[in-house]
There are 4 protein chains.
Amino acid sequence: MIISLKKGTKRREISEVVRKVEEEGLKSEVKAGKTKSIIHVIGDTAKKSEEPYYAFNCVEGVLRVTPRKYRRVSKNNQDDKYLVKVDNFYVGSGKLTLMIGPCALEGEEQIKDSVGLINKIKRTYVDNKPRSNIAGIVMRGGAFKPRTDPNSFQGMKKEGLKYFADMAHSYGIPIVTEVMDTRDVGLVATYADILQIGTRNAQNFNLIEEAGKTGKPVLLKRGMGNSLNEFLGAANYIAKSGNENIILCLRGVKGMQDEVYRFNPDLVDAIELSQRVRTPIAFDPSHSGGDKKYVSDLGRLAVMAGVDALLADVHPYPEIALVDPKQQLTPQMGRKFTKEMNFYKGAYLKGQKQFNKL
Amino acid sequence: MIISLKKGTKRREISEVVRKVEEEGLKSEVKAGKTKSIIHVIGDTAKKSEEPYYAFNCVEGVLRVTPRKYRRVSKNNQDDKYLVKVDNFYVGSGKLTLMIGPCALEGEEQIKDSVGLINKIKRTYVDNKPRSNIAGIVMRGGAFKPRTDPNSFQGMKKEGLKYFADMAHSYGIPIVTEVMDTRDVGLVATYADILQIGTRNAQNFNLIEEAGKTGKPVLLKRGMGNSLNEFLGAANYIAKSGNENIILCLRGVKGMQDEVYRFNPDLVDAIELSQRVRTPIAFDPSHSGGDKKYVSDLGRLAVMAGVDALLADVHPYPEIALVDPKQQLTPQMGRKFTKEMNFYKGAYLKGQKQFNKL
Amino acid sequence: MIISLKKGTKRREISEVVRKVEEEGLKSEVKAGKTKSIIHVIGDTAKKSEEPYYAFNCVEGVLRVTPRKYRRVSKNNQDDKYLVKVDNFYVGSGKLTLMIGPCALEGEEQIKDSVGLINKIKRTYVDNKPRSNIAGIVMRGGAFKPRTDPNSFQGMKKEGLKYFADMAHSYGIPIVTEVMDTRDVGLVATYADILQIGTRNAQNFNLIEEAGKTGKPVLLKRGMGNSLNEFLGAANYIAKSGNENIILCLRGVKGMQDEVYRFNPDLVDAIELSQRVRTPIAFDPSHSGGDKKYVSDLGRLAVMAGVDALLADVHPYPEIALVDPKQQLTPQMGRKFTKEMNFYKGAYLKGQKQFNKL
Amino acid sequence: MIISLKKGTKRREISEVVRKVEEEGLKSEVKAGKTKSIIHVIGDTAKKSEEPYYAFNCVEGVLRVTPRKYRRVSKNNQDDKYLVKVDNFYVGSGKLTLMIGPCALEGEEQIKDSVGLINKIKRTYVDNKPRSNIAGIVMRGGAFKPRTDPNSFQGMKKEGLKYFADMAHSYGIPIVTEVMDTRDVGLVATYADILQIGTRNAQNFNLIEEAGKTGKPVLLKRGMGNSLNEFLGAANYIAKSGNENIILCLRGVKGMQDEVYRFNPDLVDAIELSQRVRTPIAFDPSHSGGDKKYVSDLGRLAVMAGVDALLADVHPYPEIALVDPKQQLTPQMGRKFTKEMNFYKGAYLKGQKQFNKL
């Protein structure tokens, strides 16, 4: 860490900053430059913050040489990869995990039909295909729904969740579902195989920590206005409790949006994250594009960016879906999507094998 | 509302959409254009959503003629303004409310010194100045702190809040403080005069609704990645429970940020909001600029944009502040800030009086 | 087009707007809604602007039902695709075109070595591979360089361009090079096979029009702050002169940039553009990522997004490159990049063939 | 400047970087840290680039301690301010300069009426008000218009410019007008008192340099997607030729735009720039807001941010304006705007005087 001092900083002021460095358990070395002086901070600064030095009026800036390290989430070496066990397979193993199903649980009939649909996809493309590039299928479906408008449908809550879990588990399908309130974490953890934290709660640290404490896998969505560092900081709230079963889910961010899609798909961030963190990475083409017509294209790009899992909205009858009807894939589109993603994952793995040797 | 249909849409498809319009309690009129057809939706669409129509494959887009209306938050006419009573004064009355104090409560001594400092400012610039443009002073100070990094100081929590409230109230100073967890709403409402929802929880709808239910004034910060519509949707979760004591607080948003400040100050949004909503509007120059050197300039601009309240971090000894030390004003800067804002509010009010007559 | 009128608009005002509609050669129909009235504009509005109506005080907004049409650039039907002939091959034919070479021409030796390097790649991966997925190789190299800092190296200009063209053409390699000044268009058109308009001149309409008039293929880069509509408007300045040899080049845009790359890669925009325009689409992974470590990953994603061409900086000795040294691929990386892109283009074409039938 | 090296960098690699530092005329000092080594670059680095070091594979990053300096544009000390003489007054003298008039010159009658209107404003609010806070009035009006759509009205060009200049000068009113093409710089400089470079040409370096060479004042607008550093780099192209008559004009930038205005008003950037550069700073509320209803509010905020000049579109009959009719102020609004800006500039100057003493 390098602390740069303002022009005309006095010796007395420098010594105050130096004392602070020592209080932090680090060493320092003062360097007089032509126009201004700097203080070298020496020691293990990866887990130390630059914030305390900004309190001094003589400090102009603090530059980090060693990048910020997020405990447990950051990779320790190139091969360091953590696999998240779900049911009888692993997310992050090299093959692709699909998390598909309706955006929201809407009623018993819709749940039954949705589970039937996903089960059929699972049997066709995973159970009966030993050489598939798909590791497993998790079923998604929201019982608690964060809606921008309080007058919109708010979800079936506990009752829907219980029915959904029973139905899916009876077919051997694990489920992922959103939790929105610290008071519901225990309830949701009873039924869900993966707890989902949505983009609107991406910095609701109490909720994230509480979800982490259950020990269950947590799928953490990136906040629509968050940087990668803010995203990793939030992930660290899960790791803090000793729970390493973290899946980081990209889903598009705000930006100079064009008229054409809802959020800027953060696909390169998937590549960047995979260099920096050891947890599996997911992408949600349905919420990023906001339209079913983009789901297959965005899914293909995400697979080619190397993600470990994809989330996609598939609905038995999208035309009467209560939430985000525009982005729900029809059953036929859901089957095609699964076939396509399997194909492209194969192309990706083949390419990786061929070119990483060079 | 206008529903535009894709080229080649069949009569049967049109009639399905028309049926949906009728189900929503609205009327429709189909119009055949040269290249494509549209459906006119007639009736009180201000509180209706365009979402259901997107489920139909033949629908290309839905255009809103009458803008979305947020119940209770939206203005009904130009003079419609809701005042929020705090202690013995009103936020939104025309005069300025200052919400100042340290970012975080750090210990009994710091709380005592902080309250002493704010009390002195209150006595000098409000109590002893009957012609001041400052309506009143609220003291801010966080007991629960959402920190991006889980290893940072997390706040004094309940113990700090109680001590803070007792101390401030003994001087007749109302307090505003953040609540982060639905489980803490009752506790915080016992002590605080205004409940603050922070930018990281700006779409934590359960928390917002719970805070609204207390009936206490709620200061809702805009999410750093939220549009005005998303912001107003969140505010509606407070209004939903019948609580109209809402203060909307702008604090900068993400954008094409330059190297120079933390968030793009959303000052024009203050002007725009004041045309659209009836609740008081606040601005936080400390968190938008992220540096004490911008606080006075941004505060001045916000006052000239017509905001009803300003939040600013003032600390008795910023050089050892535990949270955001870079942006805490010193006691002397806090006094100067108060004098300046009083001066500029006067200029603003004079200008409004003079030019709105023309 | 729908013109929505403010509440309380008078009959006299409506008739003025209606007259304007008629002056534009269109028809109108006034519709009285519950809270406000609207005017339907009927006729061929695809090439008409909504701007004139905004001049009327009673007009609240103008909504477009039929999207804006850009003459010649917009697709007329799904299969409408324009191929750009360069040398003896076509850009946009289904196979991939690579435009590679050093960012800047720096001296005779560097030019000679660069041409030698590109020629070797061309012979190995195109000339000797009849079943390659690469249509052809164009060599890039800037003689006129727009540098943010006026004290940076500004390019070899005319002398370098002439030497470069002679050298490349002697090997049968076509070249693409940037033109920055209307006064240089004639000169550059004499030597270059494709004229490049850079991101900084993406709305320098005089330059774009002048380049269009030469009849030569024009590679137009998107402005770093431009929307797709602004981009297509600029492209129309080329089409205006009857020159349809347009290649639209995406290269990343400004946005909520993270610390990790220079520009947000606008990959989904490539997919969107390919639905809307008939011209070939290119992507520049070197300038979008700003670092050689991203070039291969971004190139792979762009190929999977279906682009027709890729631009990439390859330099014989990047460690002493005068411009953007960080993003120049080494010769070995350039060869690997070519092999990889060929592989992924194959996977893309196979996938398209397989799944578009479904 | 601090060059940080990757883990595992070899001695031989370090010495190559050190040699480069020496070639740049600077000194170096190598420092071995706990996890990685760094190289201190010592000397006058303010005008040196960090770019060359990025060419080395062992270099991880280059951190700047002394900020980048833009020759002539950057302030040398707090009081360093350059005044731009226009006609018989100075832009940047403390008082406000107004640059008003129609967006485009449309015909002889419109020019005559526009000049009459501006002349009346000038006589009323400047000539007859010796204690006005307005330094002078410049008339704006575009003869060359950069239109996003090539089919829109492109301006009256030479003929209009000549007529405009003759008419305005006959009343003693200086003019500012846009130049879009290096080939027109001589022509425009013959007639205009200030040459304007528009946002679409904000990085058209050849044009900017050519305009600078005329020695005339140049009003440079910020590119809609440019950072402050990119903006200052462009300004340096004017200074390069020895012309210090530069006015930097902010006009809003792209960002997380809301539905409510065209560009994010970069008002805080005005404050930041005034700390960093010695040239006068202008703001354009008409183009930033894109609607006449925002002009007065944005103008007021810009004045309170301390800008030296405002540009605003005022038109004798906006309802039939050919360009941007929505944002043209009516004559009555133009007069009110002038009175208001005069009032608020007075408040700003009074505030500055009162509080900068504290």
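This is a predicted model: local features need pLDDT of at least 70, side-chain atom pairs count only at pLDDT 80 or more; totals for chains, interfaces and linings use all residues.
Mentor: Buried area is the accessible area, taken with a 1.4 Å probe, that two parts lose on being put together, summed over both.

Trainee: How much area do chain C and chain A bury between them, and what part of it lies on carbon and sulfur atoms?

Mentor: The size of an interface is often given as the accessible area lost when the parts come together. Here chain C and chain A bury about 3500 Å² between them, with 66% of it on carbon and sulfur atoms, and the contact draws 42 residues from chain C and 42 residues from chain A.

Trainee: What are the corresponding values for chain B and chain A?

Mentor: Between chain B and chain A about 3800 Å² is buried, of which 46% falls on carbon and sulfur atoms, while 42 residues of chain B touch 42 residues of chain A.

Trainee: How many salt bridges does the rule find across the interface of chain B and chain A, and what is the count between chain C and chain A?

Mentor: Across the interface of chain B and chain A the rule finds six salt bridges, whereas between chain C and chain A the count is zero. A salt bridge also joins the side chains of A:Arg147 and B:Glu51, with an N to O distance of 3.2 Å.

Trainee: Turning to helices, at what angle do α7 of chain A and α9 of chain C pack?

Mentor: Helix α7(A), residues 267-276, and helix α9(C), residues 292-304, pack at about 135° with their axes 11 Å apart, which means that α7(A) is oblique to α9(C). The contact involves A:Leu267, A:Val268, A:Ile271 and A:Glu272 on α7(A), and residues of α9(C) including C:Tyr294, C:Leu298 and C:Leu301. By class, the residues of this contact between α7(A) and α9(C) are six nonpolar, four charged and no polar.

Trainee: Within chain A, how are α9(A) and α10(A) oriented to each other?

Mentor: The axes of α9(A), residues 292-304, and α10(A), residues 331-355, come within 9 Å and cross at roughly 20°; since angles under 35 degrees count as roughly parallel, the two helices α9(A) and α10(A) are therefore roughly parallel to each other. In this right-handed crossing of α9(A) past α10(A), the contact residues include A:Val295, A:Gly299 and A:Val303 of α9(A), and A:Phe337, A:Met341 and A:Tyr344 of α10(A). The contact of α9(A) with α10(A) has eight nonpolar, two polar and four charged residues.

Technical notes: Residues are numbered from 1 along each chain as its sequence is written. Chains are lettered from A and ligands numbered from 1 in the order in which they are written. Side-chain values use heavy atoms; hydrogens and water are left out. Axes are lines fitted to C-alpha atoms, for helices over the stretch in contact, and angles run from 0 to 180 degrees between N-to-C directions. Helices (H or I, at least four residues) and strands (E, at least two) are DSSP runs, numbered from the N terminus. Angles under 35 degrees count as roughly parallel, over 145 as roughly antiparallel, 65 to 115 as roughly perpendicular and the rest as oblique. Contact means heavy atoms within 4.5 Å. Ala, Val, Leu, Ile, Met, Phe, Trp, Tyr, Cys and Pro count as nonpolar, Asp, Glu, Lys and Arg as charged, and the others, Gly among them, as polar. A salt bridge is a side-chain nitrogen of Lys or Arg within 4 Å of a carboxyl oxygen of Asp or Glu. A crossing is left-handed if the near helix is turned anticlockwise from the far one by less than a right angle, and right-handed if clockwise.
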